[in-house]
Amino acid sequence: MRSNLRILALGFAALALVGCAPKVYTTADFERLKPKTVLVLPPENTTSNTEVLQKSYPFVFSELAQRGYYAIAPELALQLFRANKLEDPGQINSLPTSKFNDVFGVDAVLRTKVTEWSSKYIVISSTVNVGFDMELLDTKTGTLLWRHSQTLSKSPDNSNGNPLAMLINAAVNAALTKYEPIASENARLMTLTIPQGQYYVKK
Amino acid sequence: MKPKFLLVPGMLLLGGCAVNPWLPYQEAVRCHLDDKGPACDKFYKQTIKADPKLRGIHASYATHLLLQGNKEEAAKEFQIEQTNYPSESTKSIALLLNPTAAVAAAPEPVKPVVDTAAKAPAAAAPVAAPAAKPSKNSKNTAATKESNRAK
């Protein structure tokens, strides 16, 4: 009886853990081409916020690399783009994928568009939204290997029962909005759905 | 209890305190993008100390040093990256160190490109339900909106 209960508890724990892990999406093309090296292109900003590149690029790069891929160093990539008079992420994103194979020798490119980077303040609550649209493409054939769009919204807890305090909290939170933790979390959750690369290390 | 039995919990404790090398690496990249120059060196060094073979770190630090005019140190760092990851890093590093070759291999003048291979699966992908509204009572409520995912 006692051992049955133990097995049941273990089963529930395993189910709970599986339920928390984001589902990995893969395609026959991904399994066939299995990229090893990836160039994470500078994120293209489609929002009105001007600091999006500096704030989102480090997270997108490191989260992808942590999935077990060799990602070309962003500093090096940006320098090579500058050497070729390519400064605008939109312009870089529109290049044919084969060019990245020719120049960098990478198996795949990760294109990112920042679709949302905003905070909404409605009287007693504030919400921060960060949205990305990412796609991983094979550089030799241009085949789409993986794609994911997601907006993560977070609201700080303002509820302490006192309406005046809630109002002040919401206003302060809206003024001191920090996008980086939400951008990092969104990039992490999204890249968790990419199959693990050959350098993946279980944490 | 024999002392060797203390080794396992001890190692677990130490493991729990280990720095994730990707965190200072993120800081280093962000600092570099903000053009903070030598102030970023400490983040690169912290990363290398946490994991001397972290993928890309020596290429990152080398480029950062190169842009500050520290060619000697940059060459050493590039060499380490090429030793650690020869097949992955050599081409891009060679191009950076040889700008003439980089220009020769430069992309053609940019034209608007419609990448049909990329657009086709996206158009066929199902559109998921809109994001749930954050609950008023929950702390750090997260709502996610997903769409256009490759199968």
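This is a predicted model: local features need pLDDT of at least 70, side-chain atom pairs count only at pLDDT 80 or more; totals for chains, interfaces and linings use all residues.
I started with Val38(A) and looked up its contacts (C-beta atoms, placed from the backbone, within 7 Å). Leaving aside neighbours within four places in sequence, Val38(A) touches Leu64(A), Tyr69(A), Ala71(A) and the run Val106(A), Asp107(A), Ala108(A), Val109(A) and Leu110(A).

Residues are numbered from 1 along each chain as its sequence is written, with chains lettered from A and ligands numbered from 1 in the order written.

Next I checked the core. I call a residue buried if 20 or more other C-beta atoms lie within 10 Å of its own, exposed if 12 or fewer, and partly exposed in between. A nonpolar core joins buried Ala, Val, Leu, Ile, Met, Phe, Trp, Tyr and Cys through C-beta atoms within 7 Å. The largest one has 68 residues, and Val38(A) is among those with the most contacts inside it. Helix α3 of chain A, residues 52-65, gives this core its largest share, seven residues.

Then I turned to chain A as a whole. I found eight helices and six strands (DSSP runs numbered from the N terminus: H or I, at least four residues; E, at least two). Buried residues make up 45% of its 203 residues.

Last, I looked at α6(B), residues 86-97. Its buried residues are Glu88(B), Ser89(B), Ser92(B), Ile93(B), Leu95(B) and Leu96(B). They sit on the same side of α6(B) because they cover an arc (directions from helix axis to C-beta atoms) of only 160°. On the other side, Pro86(B) and Ser87(B) are exposed.

Definitions and conventions. Two residues are in contact if their C-beta atoms, placed from the backbone, lie within 7 Å.
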